[in-house]
Amino acid sequence: MNKDSTMGVDDDANWLDWVTKQFENIAGEDKEINLEEFKTALKVKESFFAERFFTLFDSDASGSISLDELLEALHLLTHGSETDKLRFLFQVYDVDGSGSIDPDELRIVLKSCLRESAISLPEEKLDDLTMALFESADKDNSGAITFEELKEELENFPEVMDNLTISAANWLKPPTTEKYTRQTPRYLTPAYWHNNSRKLLFMCCYILVNIFLFTFAAMKHTSFGGWVMLAKGCGQCLNFNCTFIVVLMLRRCLTWLRATWVVRILPLDQHVLLHQLVGFAIFGLSVVHAFAHVVNFVKMTQNVGTYQLWEYLLTTRPGIGWIYGMASITGVILQLLIILMLICSNTFVRRSGHFEVFYWTHLSYIWVWALLILHGSNFWKWFVLSGFLFLTEKIVGIAVSRIGATQVVEVNLLPSKVTHLVIKRSPFFHYKPGDYVYVNIPAIAKYEWHPFTISSAPEQKDTIWLHVRSLGQWTNQLYEYFRQPELLDNEPKRLTKSMRTKKHQKSAQEHLCNMEASNDSVATSREDMVELTSYKPQRHCQNEFLEDNIKLEGTDSAQLREVSAKLSENHRYCSIKCYIDGPYGTPTRTIFTSEHAVLIGAGIGITPFASILQSIMYRYRMRKQNCPSCSYSWCENVKDNEMSLRKVDFIWINRDQKSFEWFVSLLTKLEMDQADEEPQGRFLEMHMYMTSALSKNDMKAIGLQMALDLLAEKENRDSITGLRTRTQPGRPDWSKVFQKIAEEKKGKVHVFFCGSPVLAKTIKAQCEHFGFKFYKENFQ
């Protein structure tokens, strides 16, 4: 007990020294912090909170904060009782200092909370949030919230009470130093070997093959000396690797193999990663190979003296090589091309908006193969089979794409510069959920092909969807192209379009009349409202009605007519020629053989899961049963050949509010498909996270998150997305997320991820800890 107390005293002393140094750095010579310096220190977006905190910290009302005032306030917030912290929170909300909080004061605070969390809501929704929290806290209906009432209300939110703090205290705390604990390296844990067994076995075989080839070639040239042995050994390995690297990118063959037993042995899901590793191996082997030859040339120059070093390297005079002595010249060119391809294949080139640089430099592989045939006498023997397969794939791909030329028939320009393409689907185009295609649109770039995941379900017969995020030159050109007004010249004939639009409006009007003629329940009104407001031509384009935050309850027919008449300016028909090469399979093809699938999408990484979720729910509806004598429905929870899934958890992480609009109508329909609770719990559970929103343990967001919870419970839908699923602020706590999934015990858990590589590493580590199988969506 004494030891713990001593450690506490030491921690306080260290904290005091840290705060003093930070204060001196900010305050300067006057030893005081003014409001502007305080705002900078807090790093808050909204000045309201900085001003409120500053006022409360400035106990003598001098207009500046001294070190003593700062330490006193921070000591209260870090070491004070719950009552002390709640008192401070109450004073923040009590703007006029009257000792109570009225509705207008609460509205001002919540509005500032929304700005801090980058959440945009209309004024009416802000009023609803304010009244939801105010009515819940004002226990005696006096028209004002007292401190005791606020305390009683906060006690209903235990997670808030446990983490009550503010940014200032965290900012001035010294960085925590984690004590080093000796742990088993991740690569030596049983979980890592279990999850990566196929890849590790493949890598072992790959390394053994290279060792064998190197040894065999080196031993054949023992009489020529060590440097020649080294060069020949690396050369033989290069013969193998420069042909094997193309095998790893034969997408049609790999897609076919995914449907066979081979997928259980070979790491087909990591073929892009393995392609990259082989590329690095080629670079390393080529450098050693070239260096060994240069050293040998130097020795020959010194011993024989017939030719100079530059003649050995840059001319055909020495006659080295089987075709006109071109081995040295082709070797130099090959080394330069390999270096160029390696540099331009790096992530910082591909992900920095310069995909075209990677694309065009990567086409140098054609020249590399041609030069390798001239460079080494045996390379063509290695290249015959893989070259034939590669050429066959290319011919088939060109034939299929050109014969099956199609059109972009509809376009939606979505928030965050996402282009939603609706492409006419050929009756011969068959694909699986989560597959991707290569797309060529001559109007954008005649010779460029870019890969995109299909975001529509295979059950959608007439069209396929692509959602393209503007991150590079081609994708930005695509978005800007469809923003041009002159594109209207390429649309279908004006009268044809007018007749089509009138037809859809007439259908919507008839639907509206049917709604007015019936007295449906709130749930039915909600369903009708979603159907009407999500309506656009062909019933599958994304909608923006949730942005307007229309209340479903009590909505009159005039409002419904207004919504149904609203057409998005960013939606249009067109007829733009395009070509599609594919489809190609991805790791998500195994999802229907899983028992408990966890789908994690970050940002636009939702696209493969949009297709999968639609297909899952289509199959789910096929298994759904309805009671003939009542309205009760349920789903037969049985395995079949089509789908072994017993539970699906879908997690979508977005940076901002606008991004949720990409697929909000789809998610709404998926929720309505599960309007009835199943006896064994929901088949599909959705979890939404908004990383720009402040979490519940931040004082600047406590009131807002409480209000959002209360209003979501009252209206049965989330104010941010309009879904029934509540949007969680901040980032997921992955250990808690996976712990909850493990406790459900719905069967073997397979986690499918599509998003940033950094987040993928975090999730993969958690999967290894819990023994879950991890699949990362990765295509190039």
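Is His-769 buried or exposed? With a relative accessible area of 62%, over the 50% cut-off, His-769 is exposed.

## The chain as a whole

The predicted model has a chain of 780 residues, of which 50% are buried, and its secondary structure comes to 30 helices and 14 strands.

## Helix 20 and its partners

The buried residues of helix 20, which spans residues 365-375, are Tyr-365, Val-368, Trp-369, Leu-371 and Leu-372. These buried residues pack against four elements, namely helix 13 (226-247), helix 17, helix 19 (355-362) and helix 21 (379-403). As a general point, an α-helix has 3.6 residues a turn, so residues three or four places apart point the same way.

Helix 17 (residues 327-344) packs with helix 20 at an angle of about 155°, and the two axes are 9 Å apart. Because this angle is over 145 degrees, helix 17 counts as roughly antiparallel to helix 20, and the crossing of the two is left-handed. On the side of helix 17 the contact is made by Ala-327, Thr-330, Gly-331, Ile-333, Leu-334, Leu-337 and Met-341, and on the side of helix 20 by Tyr-365, Trp-367, Val-368, Leu-371, Leu-372, Leu-374 and His-375. Sorted by class, this contact has 11 nonpolar and 3 polar residues, with no charged residues.

Helix 20 also packs with helix 21, at an angle of about 150° and with the axes 11 Å apart. That angle makes helix 20 roughly antiparallel to helix 21, and this crossing, too, is left-handed. Tyr-365, Trp-369, Leu-372 and Ile-373 of helix 20 make the contact with Phe-379, Phe-383, Phe-390 and Lys-394 of helix 21. By class, the contact of helix 20 with helix 21 has 7 nonpolar residues, no polar residues and 1 charged residue.

## Buried residues with polar contacts

Asn-440 lies in strand 3 (residues 436-440) and, at 0% relative accessibility, counts as buried. The side chain of Asn-440 has a polar atom 3.2 Å from the backbone oxygen of Ala-445 and a polar atom 3.1 Å from the backbone oxygen of Lys-446. Leaving aside neighbours within four places in sequence, Asn-440 is in contact with Arg-402, Ala-445, Lys-446, Tyr-447, Glu-448, Trp-449, Cys-578 and Tyr-579. Between the C-alpha atoms of Asn-440 and Ser-401 the distance is 9.2 Å, although these residues are 39 apart in sequence.

Ser-615, which lies in helix 26 (residues 607-623), is likewise buried, with a relative accessible area of 0%. A polar contact of 3.2 Å joins the side chain of Ser-615 to the side chain of Glu-459. With neighbours within four places in sequence left aside, the residues in contact with Ser-615 are Pro-433, Ala-457, Pro-458, Glu-459 and Phe-592.

Glu-595 belongs to the loop between strand 6 (571-584) and strand 7 (596-602). Because its relative accessibility is 18%, under the cut-off of 20%, Glu-595 counts as buried. A polar atom of the Glu-595 side chain lies 2.8 Å from the backbone nitrogen of Lys-748.

Asn-141 is placed in the loop between helix 7 (123-137) and helix 8 (147-154), where its phi is near 55°, a positive value in a residue other than glycine. At 67% relative accessibility, Asn-141 counts as exposed. Lys-745, in the loop between helix 29 (734-744) and strand 13 (749-754), also has a positive phi, of about 50°, although it is not a glycine. The relative accessible area of Lys-745 is 68%, so Lys-745 is exposed.

His-769, the residue of the opening question, has its place in helix 30 (residues 757-770). His-769 and Tyr-192 are 577 residues apart in sequence, while their C-alpha atoms are 8.6 Å apart in space.

Terms used:
Residues are numbered from 1 along each chain as its sequence is written. This is a predicted model: local features need pLDDT of at least 70, side-chain atom pairs count only at pLDDT 80 or more; totals for chains, interfaces and linings use all residues. Side-chain values use heavy atoms; hydrogens and water are left out. Axes are lines fitted to C-alpha atoms, for helices over the stretch in contact, and angles run from 0 to 180 degrees between N-to-C directions. Angles under 35 degrees count as roughly parallel, over 145 as roughly antiparallel, 65 to 115 as roughly perpendicular and the rest as oblique. A crossing is left-handed if the near helix is turned anticlockwise from the far one by less than a right angle, and right-handed if clockwise. Contact means heavy atoms within 4.5 Å. Ala, Val, Leu, Ile, Met, Phe, Trp, Tyr, Cys and Pro count as nonpolar, Asp, Glu, Lys and Arg as charged, and the others, Gly among them, as polar. Buried means under 20% relative accessible area, exposed over 50%, partly exposed in between (1.4 Å probe, protein chains only). A polar contact is a pair of N or O atoms within 3.5 Å; within protein, one must be able to donate a hydrogen and the other to accept it, and residues adjacent in sequence count only if both atoms are side-chain atoms.
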